[in-house]
Amino acid sequence: MSEWLVLAIAMTLVCALVLAFTNIRHRRAAEDEDTSETPDVIEYMTMMVGVVYAIVLGLAIAGVWEARGAAEDTVRREAQALYEVSQRADVYPADIRDRIRGEVDAYVTHTVSVDWPRLTSGETPSTEGADLLAKLRTDVTHQSPATELQAQAYQPLLDHIAAADDARHSRAQSAEPTLPGVVWFGLLTGGIVTIGLIFTLQIRRSSRELLLAGLFSALIVFLLFLVWSFDAPFGRDGTDSAAPFQDLFPTLKL
């Protein structure tokens with residue numbers, strides 16, 4: 001199911017519940033109930049709860065946004081390091097160069113085709129990727145430079161493989177959701193309380209009040225959806241977050 005479809009359904013359901021509860025409350029209200037005034041203490045408490053929840057929600061959005069940016073930077077570093085290995089292997093003879101590039105291509109293909117679906121589902125990468133990268137490192141390490149140009153490229157090749165390995169470990173550590181369960185409990189509970197406080201202000205069925213209540217509820221749902229969407233550093237589905245690999249290795253079927 002598309003994320004946008006999930007958002008539309010959630011916003012529609014919440015708005016419908018708010019409007020339905022308002023109508024039910026209005027019908028069951030006593031005839032002598034005065035809905036024109038609200039105690040000052042309730043208005044003060046509603047304002048404070050709304051401010052505190054807005055701060056917590058803002059911090060949650062900033063946290064998942066930062067984690068998403070860090071994950072994207074890790075992917076860029078890994079892809080760029082492997083691209084440099086593939087390009088710098090040009091100084092070796094054709095058979096060695098093709099073998100190194102073939103091992104790089106095999107690792108990239110495995111990473112995008114096998115590891116990425118696991119990442120987007122919250123699982124850790126497979127061990128096969130580590131084996132492919134270790135094979136590449138061993139092959140380059142055991143390749144003795146035969147010319148001065150190869151000697152100059154030897155250490156940078158190893159450095160780039162080490163950078164790719166480091167980025168791979170960072171990517172594996174970033175696969176899990178950013179926010180722990182207790183934070184999500186607080187966000188969901190706070191959202192319910194904040195929307196529920198609308199009714200303590202004795203909202204009536206005027207078109208203006210119902211419109212504002214619906215828009216306010218839809219806004220909170222949208223912000224929670226935003227946090228949920230970015231809480232997965234590599235996305236919820238697909239391989240969009242693997243774009244650096246696809247851009248630098250366009251000839252591969254990724």
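Author: Let's start with a word we'll need: buried means under 20% relative accessible area, exposed means over 50%, and partly exposed lies in between, using a 1.4 Å probe and counting protein chains only. Keep in mind that this is a predicted model, where local features need pLDDT of at least 70, side-chain atom pairs count only at pLDDT 80 or more, and totals for chains, interfaces and linings use all residues. Residues are numbered from 1 along each chain as its sequence is written, and side-chain values use heavy atoms, with hydrogens and water left out.

Reader: Okay, let me try one. Is Gln150 buried or exposed?

Author: With a relative accessible area of 5%, Gln150 is buried.

Reader: And where is the place of Gln150?

Author: Helices here are DSSP runs of H or I with at least four residues, strands are runs of E with at least two, and both are numbered from the N terminus. Gln150 sits in helix H5, residues 148-173.

Reader: What does the side chain of Gln150 reach?

Author: For a polar contact, look for a pair of N or O atoms within 3.5 Å; within protein, one must be able to donate a hydrogen and the other to accept it, and residues adjacent in sequence count only if both atoms are side-chain atoms. Here the Gln150 side chain reaches the backbone oxygen of Val91 at 3.4 Å.

Reader: Which residues is Gln150 in contact with, leaving aside neighbours within four places in sequence?

Author: Contact just means heavy atoms within 4.5 Å. With those neighbours set aside, Gln150 touches Val91, Tyr92, Pro93, Ser144 and Pro145.

Reader: Now rings. How many aromatic pairs are there?

Author: Rings of Phe, Tyr and Trp (its six-membered ring) pair if their centres lie within 6.5 Å; planes under 30 degrees apart count as stacked, over 60 as edge-to-face and the rest as tilted. By this rule the count is five aromatic pairs. One of them is Trp65 with Phe230, a tilted pair at 5.0 Å centre to centre and 45 degrees between the planes. This pair links distant parts of the chain: Trp65 is in helix H2 (residues 40-88) and Phe230 in helix H7 (residues 207-230), 165 residues apart.

Reader: Which of those two counts as exposed, and which as buried?

Author: Trp65 counts as exposed at 56% relative accessibility, while Phe230 counts as buried at 17%. Now take Trp116 and Phe234: their ring centres are 5.6 Å apart and their planes at 80 degrees, so the pair is edge-to-face. It also links distant parts of the chain, with Trp116 in helix H3 (residues 94-120) and Phe234 in the loop between H7 and helix H8 (243-248), 118 residues apart. Trp116 is buried at 0%, and Phe234 is buried at 3%. Ring pairs join Trp116, Phe234 and Phe245 into a cluster.
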